Amino acid sequence: MTFTNRRARMAFVAILLTAAAFGLKHSAAWSLGHSALNRAAPAAGAGATASASQHGAATRSRAIEAFGRSPLRFEANQGQAGARVKFISRNSGYTLFLSANEAAIKLRPPEMPERHETVRMKFVNAATDARLFGMEKMASASNYFIGGDPARWRVGVVNFGRVKQRAVWPGIDVVWYGNQRLLEHDFIVAPGADPRKIRLEFSGASGMGVDKEGALELRTGAGGLRLLRPAAWQVSDSGREAVACDYRVNGAGQVEFRLGEYDKNRELVIDPAITLATWFGGADADEARNVAVDKDGAVYIAGATVSVDFPVANSIQQNKAALTDAFVLKLSPDGRQVVYATYLGGGGNDQALSVAVDAAGAAYVAGVTTSTDFPTTPGTSQTSFKGFSDGFVTRLNANGSALVWSSLAGGDGVDVANDLAVDGAGNVYVAGRTTSTDLPANGFQTSRGGSSVYRSSDSGGAWNPGAGVAGTTTYGLTIDPSNPNVIYAATDLGVYKSVDGGGRWRATAFTGVAYDVAVDPRNAATIYVAAQGQLARSVNGGESFTFKASPQNFFGSNSVYSALVDAQTPATVYVGTEKAAFKSVDGGENWTPSFIFGTQSISVRVTRLIAYPNNPASLFAGTDRGVFKSADAGANWSLALAGASLGGFSNSNSIPGIRALAIDPAQTATIYAGLNNTGSVYKSTNGGMTWSRGDAGIGDGNQVTLINALAVGSAQTVYAAGSTGIYKSADGGANWSLANSGLNNPLVLSLAVDRNNVANVYAGTVSGADAFVAKLNAGGSALSWLTYLGGALSEDGAAIAIDRDGNSYIAGSTSSSNFPVAGQIQNFGGGSTDAFAAKLDPAGAALVWSTYLGGVENEIGYDIAVNASSEAYVVGSSALFGGQRDAYIHKVRADGSSLA
């Protein structure tokens, strides 16, 4: 099967959703994203931003309450259900189907959306031709923008607030209505009609009974329904008069109503309301991520849903576009009516993360998509999908019936638009995070601050970052043995290739998580990629790939960590997996296990495989149980590094996990091994028969330095990569010192040395995303400016606000000690993460001020707002000793000189 970018991009969805922290929704447990402190677009004038900041927490609670009070919506069946069904209402955890003499409720528990049960309430001896019609046509309409093809979009779908079933029994109508918390169905008994005709028969329930509160309970394997004790009344000149009413289950198992005294010459209403466990949303995961309020008090909510029966779904579109779609909806100021509701997405995964509204009531939405067909409009800044995920910015018209404009925002990596703000002229400001190396940056910082690949041309004396690697973690580096200018980097975003000795990199066709690359020494165009869930092969230097093995070939192993090509017989290929080593003698077409302990019953994670250059049948395997050696091409293995010197295998703590192995190519009997649980380096000068420890200078005596990679340079020169950087030994591993000059990323996972020029050394590190900030013009047709904002490690631009002069204020988090600062109030605090706040000038060309906000623990910046005096308010959370977290709020003076 041919490997394609599309397949890998879709496989990446799980990583993206995890990063986005998209969780399941239970009952009323909604997760609202950033607060609405600065979401309403400021009108012209001094008080614009301050006015926007008044919504805050009150807006959240009001919006949450409004969800529960929002009315049910009923849509006519236009082919999305069987012919007997006349109306459908899709709601949280259930779908209601109404026909002439029956109501069917399909239950789906949020915890198990794949499991569902249908409870049917049949009207016994009722008319089979009762007419159903919609009542209380809503002023709103639902709109669905799914995919990039406008022919699939649905605009102006009418909804009704009530449905009446007329003359179900002689003189008795049924009216359906309710809200997301309560499904009500009134039996309207005309004067002189007989309410004893009303009999209900339930099917699909495993049990039924009347509880002590007089409610009728029905149980199913997918949850239950509870019909509250029925209320009954008549209306007279003095108002509503209650009538005693209870359920009665007759001998046939049918439910009737037992009534007290009432006036048979007046209309009687019987109301048995139905409650369910959940409200608003669908049967699967739904999440409201952000909320905004306009000048009239209408509420705008943006989020994401996995539910095929989300209440905004249009039954004409029978299948949701993808696993996750964004949604946008508008509630009336009293929260009692949905003004509009829309899906927003394509064939991938889409999440709306932020929403803002301008003075005219137009909603602007920002988020993230993996859909190559995300709905964009012609003439906008970016209409084509790039990379692994793109941010998006979309403007809807005031009634939600059309896209005014919609643009993507991304490059060759992972891009997420976290937040947006709109000024009085309709310009849109966006903050987010990116791993892309090719964004059209023309502002303060024009390139990404970190890189996951470094090169030294002076034997580790100084390191310089490579350009073009969008991956944030480089697990493996491999130099083409026939051309040292060709280097492959195995990263979390695929395999990258350099043809100029590590200066510039470009992506190959492999876009999954890759751990190692092996190059055929006889034919450099053939390469093998050890990756998450597979082994892939290319015969054209990475232009295309085919799958050569998957977990079923490797006894269910989900990852292939290492690949090795026999230098004398290139059709022989070895791989290391989480279960064992495996061998192929036909270029990866077929595989046989090479069990370290000779049996499948003992699993051994093989993370590194190496061989003698002049005798490739002699193999060494680095595993989670030590170093093993095979002298017969993997047929048999013996323990090479363990025993008394390492404490043996008496308990799990003494097992030496091995990630790093290296052979001295000039003296092949000399082998180095690095332990990942003690920070020790061991050396053998007799082919693994005996070992000595030599790690003086590695670590600081208190911190364990994990050894992730080893490489041998010139005679007696050895490099060790660990969790605190790169160590170098000039005496064969006896003594070590740090060689980190210019290496901003201290966690190093891989090393490679150019055998033709041993002064050239390459390091693969863990870097991270940068924050980015951008301004789009009012029509979305062009980027006014865009800037990266980040250091060597990881940043996230979480929130953005603007002042009346067009300055941008950004809040977020950083783990970089070299984050760009200006007039900083604080320096980097020393924890793994600090919050940051920054102010950019109106052109995005300079930092007015920028500062860390944090201490010795870990801080996160979540949101920012600015008042009429250009003072910034930053909120977030801070870790305390003992693992607890506290919320914080900082007020920064207008000039950024201090905390107010």
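Reader: Which residue takes a positive phi in the hairpin of strand 53 and strand 54?

Author: In this predicted model, the residue is Gln716, with a phi near 70 degrees. The hairpin has five residues between the two strands.

Reader: How many bridges join strand 53 to strand 54?

Author: Five bridges join them, and the two strands run antiparallel. Strand 54 covers residues 718–722. Within this pairing, Ile707 stands opposite Gly722 of strand 54.

Reader: Is strand 53 mostly covered or exposed, and how many of its residues are buried?

Author: Strand 53, residues 707–712, is mostly covered, with six of its six residues buried.

Reader: Turning to the open sheet of four strands, what is the strand order?

Author: The order is 45-46-47-48, and the pairing is antiparallel. Strand 45 (606–612) and strand 48 (638–641) are the edge strands, each pairing on one side only. On average, neighbouring strands of this sheet are turned by 30 degrees against each other, direction ignored.

Reader: How many bridges join strand 45 to strand 46?

Author: Six bridges join strand 45 to strand 46, which comprises residues 615–623, and the two run antiparallel. Tyr612 stands opposite Asn615 in strand 46.

Reader: On another topic, which residues form a nonpolar patch on the surface?

Author: Met208, Val210 and Val249 form the patch, with about 210 Å² of accessible area together. Of these, Val210 lies in strand 12, residues 207–210.

Reader: Why is Val210 classed as partly exposed?

Author: Val210 has a relative accessible area of 41%.

Definitions and conventions: Residues are numbered from 1 along each chain as its sequence is written. This is a predicted model: local features need pLDDT of at least 70, side-chain atom pairs count only at pLDDT 80 or more; totals for chains, interfaces and linings use all residues. Side-chain values use heavy atoms; hydrogens and water are left out. Buried means under 20% relative accessible area, exposed over 50%, partly exposed in between (1.4 Å probe, protein chains only). Two strands pair if DSSP finds at least two bridges between them. Patches are made of residues with over 30% relative accessible area and no salt bridge: like charges are joined within 9 Å, nonpolar side chains (Val, Leu, Ile, Met, Phe, Trp, Tyr) within 5 Å. Accessible areas come from the Shrake-Rupley method with a 1.4 Å probe; for residues, only the protein chains shown count as cover. A salt bridge is a side-chain nitrogen of Lys or Arg within 4 Å of a carboxyl oxygen of Asp or Glu. Axes are lines fitted to C-alpha atoms, for helices over the stretch in contact, and angles run from 0 to 180 degrees between N-to-C directions.
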